[in-house]
Each structure stands twice: as structure tokens, then as C-alpha cells.
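User: I am new to this structure. Please show me how to read its features, one at a time.

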Amino acid sequence: MIKKKKSIIVSMAFLCCLSAFAQSDFKEKTVFKNNEAEIRQLDEHTWHGNGHVVYNESVYLVEGDTAAILIDAGTYIPGLRKIVEDMVKKPVTLVLTHGHNDHAGLAINEWEKMWISEGDKGMIPANLRDRLQFLKNGQIFDLGNRKIEVVFTPGHTRGSVTFIDRDKHYGFSGDSFGSGNLLVFTDLSTEIKGCESMIPVIEKYDLKYLYP
């Protein structure tokens, strides 16, 4: 039992360190800025945006050859859909790491459908739930020469997920790992399970950066 606890602590510390490293490694170029948000470029086809309503709320725009996804929508970024579709010149699918308002805020109204884990459907306003598509563990979004895999990592919320960019060796973790003070809204055993399930994914795809 002591050995297992030590393994869990090491795993959680490793995930936090990987996330912290991701926050500081890139020299990001600002490509969009207004009173509500700023968007910076991580690489040729990946962007990181921050809204200004809640401290350090983040969205990520991930582009392939034929499609793009937006990971999370912030709290209040008016016109977010037009902003990101103008940037990549193609339709953008909205996917959510979880249902909290600083990730699934008012901009979700701009999409006719969005993807989220079924475990968090109750966090989405009732009038928008008919737009929900439910993520599956292991599901693949094929963006054209760029595949994004869905990994369930519950703990912060029952339906929290992490999105894995296989080829770039990136992970996009929402509040599952590395976003400062981790608040566990289910129970500790669920959070431990999420951490334990993430370690083999990191090893399998040789993840270098875990973006919270």
C-alpha cells in the first residue's frame, strides 16, 4: 500500500512538472488581441489564447490540413468563432475539456454543436444541451495529417478529458493537470485513476508538453 501511494504521488508530481514546463518553453508571437482576449502562436498550426475575465483561462486552436478544433471557449470572448475561423480559413469544431464556465462560457452559443464528455453534460445550460455531442474515451479527431485523441481524465470534474496530439507530442489537459491549485470535485480515487491512466499515454506518444 505504501509503495502504491508513493507511485501515485510520483505520477501526480510528474504530470504537474510536465505541465509547468509547457507553460514556459515556447516564445509565443501575439497574432490577435482585443479587450476580451489575446491569441498567440505556439507553432505553425497551433495557437494559445487567453481570455481576460478569469485568471489564466485558456483556449487552444489546433489545425490540420483539412480541419481544425478549438479546445475550450473561455468565459466571455465575443465573436470567438469568427476570430478562429478567420485565422485558419476553415470550419472549427468546438471540443471541451470539461463543463466549468471558464472553459465552456458564453462563446459556446456561437456553435451549432460541441463535443463534451457525457459526465459533464449537466454543467451546460439546458437550452444548449441539444447541441451536445458526447466524447468517447479513445475517440480520434482526424484533422488531416494530424490526429487528436480523447483520453478521459476525471477528477477535476466527473467528465474531464485530455486531448492528445500524437504527432506533435502535445497534450491539452484543461484543469485535469497543471493548472495551478487542483480542485477535486469528485473524489480522490477518481483523480488518482486519471493520473494513473495518463502515465502510459505520455509514454506511448512520448509527450513533451502538457498544456493546461
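Analyst: Start with the terms. Helices and strands are DSSP runs, numbered from the N terminus; a helix needs at least four residues and a strand at least two. Keep in mind that this is a predicted model.

User: How many helices and strands does the protein chain have?

Analyst: The protein chain has three helices and 13 strands.

User: What share of the residues is buried?

Analyst: Buried means under 20% relative accessible area. Of the 212 residues in the protein chain, 51% are buried. The accessible surface comes to about 10,400 Å². Carbon and sulfur atoms hold 54% of that surface.

User: Which contacts in the protein chain link residues 24 or more positions apart?

Analyst: Look at contacts with a separation of 6 or more. Residues 24 or more positions apart account for 50% of them.

User: Let us turn to a helix. What span does helix 3 reach?

Analyst: Helix 3 covers residues 188–205, 18 residues in all. From first C-alpha to last, helix 3 reaches 26 Å, close to the 26 Å expected at 1.5 Å a residue. Just after helix 3, Asp 206 takes a positive phi of about 50°.

User: Which residues of helix 3 are buried?

Analyst: First the general idea. An α-helix has 3.6 residues a turn, so residues three or four places apart point the same way. In helix 3 the buried residues include Glu 191, Cys 195, Met 198, Ile 202 and Tyr 205. Gly 194 also belongs to helix 3.

User: Why does Gly 194 count as buried?

Analyst: Gly 194 counts as buried because its relative accessible area is 2%, and the cut-off is under 20%. Leaving aside neighbours within four places in sequence, Gly 194 is in contact with Thr 153, Pro 154 and Phe 177. Pro 154 is 40 residues away along the chain, yet the two C-alpha atoms are separated by 5.6 Å.

User: Which residues line the largest cavity?

Analyst: Among them are Ser 58, Tyr 60, Ile 71, Asp 72, His 103 and Phe 172. By class, the lining has five nonpolar, five polar and one charged residues.

User: Where is Ile 71, and is Ile 71 buried or exposed?

Analyst: Ile 71 sits in strand 5, residues 68–71. Ile 71 is buried, with a relative accessible area of 1%. Beyond four places in sequence, Ile 71 touches residues including Ser 58, Tyr 60, Thr 97 and Phe 172.

Notes. Residues numbered from 1 in each chain as written. Predicted model: local features only at pLDDT ≥ 70, side-chain atom pairs only at ≥ 80, totals over all residues. Heavy atoms only, no water. 1 Å grid on protein atoms, 1.4 Å probe; cavity = no way out; pocket = protein on both sides within 12 Å on 5 of 7 lines; lining within 4 Å. Nonpolar A, V, L, I, M, F, W, Y, C, P; charged D, E, K, R; others polar. Buried < 20%, exposed > 50% of the residue type's maximum accessible area, 1.4 Å probe, protein only. Contact = heavy atoms within 4.5 Å. Areas by Shrake-Rupley, 256 points an atom, 1.4 Å probe, with all protein chains shown as cover. Expected span 1.5 Å × (residues − 1).
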